[in-house]
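Please read these points with the model open beside you. They are written for someone new to reading protein structures.

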Amino acid sequence: MGILEKIAEIEREISRTQKNKATEYHLGLLKAKLAKYRAQLLEPSKSSGAKGEGFDVMKSGDARVALIGFPSVGKSTFLSLMTSTESEAASYEFTTLTCIPGVIEYKGANIQLLDLPGIIEGAAQGKGRGRQVIAVARTADVVIMMLDATKGDVQRELLVKELESVGIRLNCPKPNIYFKPKKGGGLSYNSTVPLTHCSEKLVQLILHEYKIFNAEVLFREDSTPDEFIDVIVGNRVYMPCLYVYNKVDQISIEEVDRLAHRANSVVISCGMKLNLDFLLEQLWEYLALICLYTKKRGGKLFWSSRTIHDCASYFFQCHRIHRTLASQFKYALVWGTSTKYSPQRVGLTHIMEHEDVIQIVKK
């Protein structure tokens, strides 16, 4: 029996099993086995075949955004509208066959936008170059899931299922669980909150499935067995996602209102160019970027701007300018909302805010 057949059999058994107190250990073991088989499925093949054309593109700009969705939902049209890159758009499916990059210039930032080929159901198992598309999506800072508003919620549910099966967790925080394998001493199990989903016996059974018999586990929140398995595997990617419903000009106003009020959702129409400016504002918030202005010593004019991630310190900013600048850093002068007065002399650990003006003084 191949890996795909084993995965399908376990998924059928999970759907057949009634969820109650008596079956929670059995379900936990099934989920652990399912995660193991899916990880084996994603491992690269050892057979030496002919190498094809490269799919990923070099990361550039201040952030990377991946456009994913089913074929013919408007991804290429969206890329052509938001950037200066022309991506071929047509009325037939699979118009885009490779990754096409573009750059969005917004608030002084260069945001790399990737138009990925449409994926189909079963992409996690490799159908329709699905593995390559999802591998590129894992490297993005934000995922824009382009959906056809005329298809309801079917596309969203299928895409979320495909991404979760390959270890991409959308719009959810990383589980607050401390896990450390040890060489001996058995299992050390503790929790700082009451647990309703996991017990010591279930944790031990899941660890035994992964051939781990000595470990230290500390739950700092009431986590599920799925979240504990994610911590054990350790290769999960947690990223924000914007669900963008395109073609809203073809549905009723009541349906538009329902989709617009869903969490993490934006409604647009690429054909009529509706609500694209609001989508850019939402994307900027999800990227959590701030714009900084650098000032020459003794100069009056601000000569350049830099965009970095929010809650960044001067140590990170120095590395963005040059890798040796942090070791030569003496102090910095700051004008802006992150200081009590302007200019204020600060060190490497100072946290900057949006549109601060900085002047770095070297030793």
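The numbered points below go from the whole chain to single residues.

1. Basis. This is a predicted model, in which local features need pLDDT of at least 70 and side-chain atom pairs count only at pLDDT 80 or more, while totals for chains, interfaces and linings use all residues. Residues are numbered from 1 along each chain as its sequence is written, and side-chain values use heavy atoms, with hydrogens and water left out.

2. The chain as a whole. The protein chain has 11 helices and 16 strands; helices (H or I, at least four residues) and strands (E, at least two) are DSSP runs, numbered from the N terminus. Of its 363 residues, 44% are buried. Here buried means under 20% relative accessible area, exposed means over 50%, and partly exposed is in between (1.4 Å probe, protein chains only). Among contacts with a separation of 6 or more, 63% are between residues 24 or more positions apart; contact means heavy atoms within 4.5 Å.

3. Aromatic pairs. Rings of Phe, Tyr and Trp (its six-membered ring) pair if their centres lie within 6.5 Å; planes under 30 degrees apart count as stacked, over 60 as edge-to-face and the rest as tilted. By this rule there are four aromatic pairs. One of them joins Tyr106 and Trp284, with ring centres 5.8 Å apart and planes at 70 degrees, so it is edge-to-face. Tyr106 belongs to strand E2 (residues 100-106) and Trp284 to helix H9 (residues 276-287), so this pair ties together parts 178 residues apart in sequence. Tyr106 is buried at 17% relative accessibility, and Trp284 is buried at 8%. Elsewhere, ring pairs link Phe179, Tyr189, Phe219 and Phe228 into a cluster.

4. Charges over rings. A charge sits over a ring if NZ of Lys or CZ of Arg is within 6 Å of the ring centre and within 35 degrees of the ring normal. Arg156 lies over the face of Tyr243, 3.7 Å from the ring centre. The charged end of Arg345 is over the ring of Tyr331, at 3.8 Å from its centre.

5. Which angle do the axes of H3 and H9 make? The axes of helix H3 (residues 75-82) and H9 cross at roughly 85 degrees and come within 12 Å. Axes are lines fitted to C-alpha atoms, for helices over the stretch in contact, and angles run from 0 to 180 degrees between N-to-C directions. Angles under 35 degrees count as roughly parallel, over 145 as roughly antiparallel, 65 to 115 as roughly perpendicular and the rest as oblique. H3 and H9 are therefore roughly perpendicular. Phe78, Leu81 and Met82 of H3 meet Leu276, Leu279 and Leu280 of H9. The residues of this contact are six nonpolar, no polar and no charged. Ala, Val, Leu, Ile, Met, Phe, Trp, Tyr, Cys and Pro count as nonpolar, Asp, Glu, Lys and Arg as charged, and the others, Gly among them, as polar.

6. A buried glutamine. Gln359 lies in strand E16 (residues 357-362) and is buried, with a relative accessible area of 7%. Leaving aside neighbours within four places in sequence, Gln359 has contacts including Lys295, Arg297, Tyr331 and Trp335.

7. Backbone details to check. Ser342 and Pro343 are joined by a cis peptide bond, with omega about -5 degrees. Pro343 is in the loop between strand E14 (329-335) and strand E15 (344-346). Lys211 is not a glycine, yet has a positive phi of about 60 degrees. Lys211 is exposed, with a relative accessible area of 60%.
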